[in-house]
Amino acid sequence: MLLEKALCIHDFSFVITTRNNIDELKRTILSITNEAPDKSEIVVVDGSNPPMGQQTVMEFINDSTVSLTYVLDNKSGVFNAMNMGVQNSRGKWVIMITAGDYLKEGAKDLLVSILNSTKEVIVFAQDVEDLTGKIAYTCYPTMKTIWPHQ
């Protein structure tokens, strides 16, 4: 999703929705801090009960140049949490990612390549793995395909 340029201070905002899964959140944040281009931010929308807290989430960032925004969700559902993340984003490009998902090695080059794109929405191809690491399905979206809900 491409946001209004005047409001943006980052190139990329990674919106992470999470609820009661701190280990998966850590994996996601670490992959972003390793692969995110400069001028990126992470927006964590925490629907946990009790909340993980900003200090806990900050520990995952380490010495990264990626900034963090922490938002508490009122447990109104994942789509509302995504909207809260977008509302708190300050990046030109907003990337929705849930806790447990991660950026693969080399993602930085792909992300940098879209910085000057004039497209409004870009969907990335993906392999979806089950909990054992086996690929459950592969999705290579085109204008004629439907993006499956995970």
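**Entry 1**

How many bridges join β1 to strand β2? I counted seven bridges between β1 and β2 (residues 40–46), and the two run parallel. Two strands count as paired if DSSP finds at least two bridges between them. I noted that this is a predicted model, in which local features need pLDDT of at least 70 and side-chain atom pairs count only at pLDDT 80 or more, while totals for chains, interfaces and linings use all residues. Residues are numbered from 1 along each chain as its sequence is written, and side-chain values use heavy atoms, with hydrogens and water left out.

I looked up two bridge partners in β2. Ile-16 has Val-44 as its partner. Thr-18 has Asp-46. From β1 the chain crosses through helix α1 (residues 22–35) to β2, and this β-α-β crossover is right-handed. Right-handed means that, with the strands pointing away from the viewer, the path from the first strand over the helix to the second runs clockwise.

Then I turned to β4 (residues 91–98). It pairs with β1 in the parallel sense, over seven bridges. Val-15 stands opposite Met-96 there.

Is β1 mostly covered or open? I found nine of the nine residues in β1 (residues 10–18) buried. Buried means under 20% relative accessible area, exposed over 50%, and partly exposed in between (1.4 Å probe, protein chains only).

**Entry 1: the whole chain**

I listed four helices and six strands. Helices (H or I, at least four residues) and strands (E, at least two) are DSSP runs, numbered from the N terminus. From that end, the elements run β-α-β-α-β-α-β-α-β-β. Of the 150 residues, 41% are buried. The chain exposes about 9300 Å², and carbon and sulfur atoms supply 53% of it. That area comes from the Shrake-Rupley method with a 1.4 Å probe; for residues, only the protein chains shown count as cover.

**Entry 2: the sheet**

In which order do the four strands of the open sheet lie? I read the order as β3-β2-β1-β4, with parallel pairing. β3 and β4 are the edge strands, and each pairs on one side only. The twist averages 20° from one strand to the next.

Next I checked the helices. α1 packs on the sheet and touches β1, β2 and β4; its direction makes about 170° with that of β1. α2 also packs on the sheet, touching β2 and β3, and its direction makes about 155° with that of β3. Contact means heavy atoms within 4.5 Å. Axes are lines fitted to C-alpha atoms, for helices over the stretch in contact, and angles run from 0 to 180 degrees between N-to-C directions.

In α2 (residues 54–61), I found Val-57, Phe-60 and Ile-61 buried. Seen down the axis, the buried residues of α2 fall within an arc of 110°, so they line one face of the helix. The arc is that of the directions from the helix axis to the C-beta atoms. An α-helix has 3.6 residues a turn, so residues three or four places apart point the same way. The cover over the buried residues of α2 includes α1, β2 and β3 (67–72). Gln-55 and Glu-59 are exposed, on the face turned away from the buried side.

Which peptide bond is cis? I found the one from Asn-49 to Pro-50, with omega near 0°. Pro-50 lies in the loop between β2 and α2.

Asn-20 is not a glycine, yet its phi is positive, about 55°. I placed Asn-20 in the loop between β1 and α1. Asn-20 is partly exposed, with a relative accessible area of 48%. Lys-39 also has a positive phi, near 60°, and sits in the loop between α1 and β2.
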